Amino acid sequence: MDLVLCHTTADFDALGAAVGLCVLRPGTRIVLTGGCHPTVREFLALHRDEYPLIERRSIDPQQIRSLCIVDAASRDRLGKVAEWLDLPHLKEITVFDHHLQAVSDIRATVTQIEAVGATTTLIVEKLREKIENEAPHSSQEFRLQPSEATVMALGIHVDTGSLTFEGSTSRDAIALAWLM
């Protein structure tokens, strides 16, 4: 089982990045490790079935193959599931984050922490690259579902203050425009 872990009290950036990773890695499931922000909870009350969410209590840790952590680089932001990072049989642990000042204490096999306004931007860039590289070689056109593009756009909008916050970058604007 491949999982994406959101930090406790998941916000739209964490959810948007997690959904994007599930598009990149079909079959991956999202664990909201410790609830979510009230606005995300209200959104999921209407759209929960559109995303590959799974409850923490439904997971057998011995079945986990890989973990991706989004919008966090420290164990203490993951709540009880932080213990999964120590499972000896894991093939991969990946961290995607945009908080440069955070100290990472996760022994990741792959880490991408960059100065962008939203972690979702990093995932959208990977999606865009994959789609643009595969499109000429594929007979089947890949398209994001509106629900996927919407939650990723919300992730960028909320974490960048609709591109007005100081940490917003042109990369965030390009990712947002691509999603639209």
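**Close-up views of the sheet and its helices**

**View 1. L5 finds its bridge partner in strand 3: I69.** The model is predicted; local features need pLDDT of at least 70, side-chain atom pairs count only at pLDDT 80 or more, and totals for chains, interfaces and linings use all residues. Residues are numbered from 1 along each chain as its sequence is written, and side-chain values use heavy atoms, with hydrogens and water left out. Strand 1 (residues 2–6) and strand 3 run parallel, joined by five bridges. Strands (E, at least two residues) and helices (H or I, at least four) are DSSP runs, numbered from the N terminus. Two strands pair if DSSP finds at least two bridges between them.

**View 2. Strand 3 is covered on both faces.** In a regular strand, side chains alternate between the two faces of the sheet. Here S66, C68 and V70 lie on one side, L67 and I69 on the other, and all are buried. Buried means under 20% relative accessible area, exposed over 50%, and partly exposed in between (1.4 Å probe, protein chains only). Five of the five residues of strand 3 (residues 66–70) are buried, so the strand is largely enclosed by the rest of the structure. V70 has its bridge partner, F96, in strand 4. Strand 3 and strand 4 (residues 92–97) pair in the parallel sense over five bridges.

**View 3. Five strands form an open sheet in the order 2-1-3-4-5, with parallel pairing.** Strand 2 (29–32) and strand 5 (110–113) are the edge strands, each pairing on one side only. On average, neighbouring strands are turned by 15 degrees against each other, direction ignored. Axes are lines fitted to C-alpha atoms, for helices over the stretch in contact; angles run from 0 to 180 degrees between N-to-C directions. Four bridges join strand 1 to strand 2. C6 has L32 of strand 2 as its bridge partner.

**View 4. The axes of helix 1 (residues 12–24) and helix 3 (residues 119–134) come within 8 Å.** They cross at roughly 20 degrees. That makes helix 1 roughly parallel to helix 3 (under 35 degrees; over 145 is roughly antiparallel, 65 to 115 roughly perpendicular, the rest oblique). The crossing is left-handed: the near helix is turned anticlockwise from the far one by less than a right angle, whereas clockwise would be right-handed.
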